[in-house]
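Biologist: Could you walk me through this protein? I would like to start with the overall fold and then look at one residue.

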Amino acid sequence: MKTFEQIFGNGWTVAAEAPGRVNLLGEHTDYNDGYVLPIAIPQKTRVFLRPGATDTFRLYTASLDETAEFNLTGLPDRHFARYVYGCLRQLETLGIEIPVLDIYIDSNVPMELGLSSSAALEVATLRAIRLLLELPLDDVRIAQLAQRAEINYAGVNCGIMDQMASSVADQERMLFLDTRTLEREVLPLPSGSEILVVDSGKKRTLATSKYNERRSECESAAQQLGVTALRDIMAPEKIESLPDVLRRRARHVVTENNRVLRARQGISPEEFGQLMNASHASLRDDYEVSIPELDQLVAILQNQPEVYGARLTGAGFGGACVALCKPGSATTLAQTVLGLYNRPGRKGRLLVPEIPALAS
Ligand code: GLA
């Protein structure tokens, strides 16, 4: 792996990092002003930077071994650079003058698996610049700027869950977040449980266009029901008047918000697991963001006696699954599950907990 010095010739001035996240419950609720329950994962993105030695921004990503050069007047061609560019442009809207920078990114957050590698990059970038320029931005403001960067420059009309999770969540406790008010609370995992995250080996496809389509469907549903957002409806019978597709989309959001509020009350791991199973069924049948591989992996996970519950996590259309399981069972559980899931030549792998012998 090339170092900062090898790429830019000199040492960095500041460094910052931010984690990826896995969402336990509350999927596709954030852009409906609803409730979410993510937790940070051990994988992180690190950003090292210094004022630049040339007149263009230079960016290098060690994970992709790619370089990009850009200035602030034109969107970079390279997709990975757009997240950083977007953050810089958002800072400019606050009247902050950004000097030319040399930026080095190193990340072990898996990409395109629904674990928020883009939010980790945005939050780490903004944290590094906050440090360099001594900006008075708190962590919530950082998350809001990161979300705007993603919407305006990466083309995903996302909610604020990922950026808030990357900016304020930790690895030990779940973050309950009301995405309308940004009221938040850190909560312990259900007693006697731990988290397992498994990659299905299928990268997300069509995620951006389908994601944006789901969001507009929810907005139409809210409009037809005469509410600001679907979060304003908590009783599933109130959506019965909607036409079929919109009714199913809305039913997912309404039931999912109810599941998060139930989970917030400090329930047993068994009940939490049932909520995760119900969430998966709802994402598969009503929200239609699953794919056969995710359904199979989830079914295998759900069949294990050490597993309380499992579901796809993140936007869907591929990526990873999350399970709540009995503590200390992860290594053997992962071996059993992956043994079954990978039999037809699939490339599933364990992501959390990080066990080096199994992780690659
Ligand atoms: C992506 C988005 C989030 C959220 C999830 C689905 O990760 O970035 O804002 O909508 O999908 O829950």
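Modeller: Here are a few questions and answers on the overall fold and on one aspartate. This is a predicted model, where local features need pLDDT of at least 70, side-chain atom pairs count only at pLDDT 80 or more, and totals for chains, interfaces and linings use all residues. Residues are numbered from 1 along each chain as its sequence is written, and side-chain values use heavy atoms, leaving out hydrogens and water.

Biologist: What is the radius of gyration of the protein?

Modeller: The radius is taken over C-alpha atoms, and the globule rule is 2.2 Å times the number of residues to the power 0.38. For 360 residues, a compact globule would come near 21 Å, which agrees with the protein's 20 Å.

Biologist: Which percentage of the residues is buried?

Modeller: Buried means under 20% relative accessible area, with a 1.4 Å probe and protein chains only. Of the 360 residues, the buried ones make up 57%.

Biologist: Is Asp102 buried or exposed?

Modeller: Asp102 sits in strand β5, residues 101-107; strands are DSSP runs of E with at least two residues, numbered from the N terminus. Its relative accessible area is 0%, so Asp102 is buried.

Biologist: Which side chain makes a polar contact with the side chain of Asp102?

Modeller: Contact means heavy atoms within 4.5 Å, and beyond four places in sequence Asp102 touches residues including Phe4, Phe48 and Arg58. A polar contact is a pair of N or O atoms within 3.5 Å, one able to donate a hydrogen and the other to accept it. At 3.0 Å, the partner side chain is that of Arg58.

Definitions and conventions:
Buried means under 20% relative accessible area, exposed over 50%, partly exposed in between (1.4 Å probe, protein chains only). Helices (H or I, at least four residues) and strands (E, at least two) are DSSP runs, numbered from the N terminus.
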